[in-house]
Amino acid sequence: MEITHSIFDFTPTQKTFVTIGTFDGVHIGHQKIIKKLVEDAKSANMKSVLLTFFPHPRMVLQKEVSIQLINTIKERTKYLEQLGLDYLIIHPFSKEFSRLTALDFVRDILVNQLNTSKLIIGYDHHFGKNREGNIEQLTEYSHLYDFDVEEIPAQDINDVSVSSTKIRKALLGGKLKTANKYLGYNFPLAGKVVNGKQLGSKIGFPTANIAIIENYKLIPKTGVYVIKSKINNELFFGMMNIGNRPTVDGKDQTIEVHFFDFNQNIYDQEISVNLLYFVRDEQKFESINDLKNQLKIDKETSISFLKSYANY
């Protein structure tokens, strides 16, 4: 897959099959659209192109909205790359770009810039200034500019019964199993390992404290999770706590991972963990000793889950 960071840097040498969208989560509904795009393009001996935007349009047009996205742009790129696309265009979304009319978008972007032969979109797709463009206008313009439009029927998407909104709600509600099922992969969190208070080491549960740089990244419900992570090309498992550490009167939210059978110095490294199972809610204990005893139980619960996990 070739990645371009502006529509205007994309210079196709042949006709293309295109889809457009934010694709936050790259969930199984998105995957259905993209796989169809890739298959149809190959059958027609043409190239598949996915056009997405960053920042997210709502981050630009509704700055007061504290948006929470399932994927960072790096994660979104990774999951899109696995779907066999020929080209990914990540165009910088701006207020100026948002002012393109539906006609301008079709003529200048789809036709003149992307050389579109066929556009495949999800149902109820809107585009252009004030989201004025819809399937009816697209169909009208397609006759004018000689390209095909295919809208994935609502029924096809509803059969999958998934949306980015449903996944966000599931993650915030501690329903990780549901979220992972809708995503088609295990929800990731990535960041740099930073110094913490060293409390974990003192009670026999040393942790890697992960600092998430992207402030738009959705952080799931506070609590304890079973996780996996590939570090230096080796797979490790462990348990992770998301929360404010109420037992020690913590104020700021932290993300702390205790890896099982692990003895490496990974300070200042960027690591990514995938969440496999929600163990329990965060809670305040009467003493550090009570916390330590609960962590032992959490570890037993985590290992018990992992024994049934295929790759453990």
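A residue is termed buried when its relative accessible area is under 20%, exposed when this is over 50%, and partly exposed in between (1.4 Å probe, protein chains only). The model is predicted: local features need pLDDT of at least 70, side-chain atom pairs count only at pLDDT 80 or more, and totals for chains, interfaces and linings use all residues. Residues are numbered from 1 along each chain as its sequence is written, and side-chain values use heavy atoms, with hydrogens and water left out.

**View A. Asn-180 in helix H9.** Helices (H or I, at least four residues) and strands (E, at least two) are DSSP runs, numbered from the N terminus. Asn-180 counts as buried because its relative accessibility is 9%. Leaving aside residues up to four places away in sequence, Asn-180 touches Tyr-185, Asn-186, Phe-187, Leu-275 and Leu-276; contact means heavy atoms within 4.5 Å.

**View B. The buried residues of helix H8 (residues 164-172).** Ser-164, Ile-167, Arg-168, Ala-170 and Leu-171 are buried. These residues lie on the same side of H8, because they cover an arc of only 165° around the axis, taken from the directions from the helix axis to the C-beta atoms. Their packing partners are helix H1 (28-43), helix H9 (176-183) and strand S9 (223-231). After H8 comes Gly-174, with a positive phi near 80°.

**View C. Asn-45 in the loop between H1 and S3.** Although Asn-45 is not a glycine, its phi is positive, about 60°. Asn-45 counts as exposed, at 66% relative accessibility.

**View D. The peptide bond between Phe-54 and Pro-55.** This bond is cis, with omega about 5°. Pro-55 belongs to the loop between strand S3 (47-53) and helix H2 (57-61).
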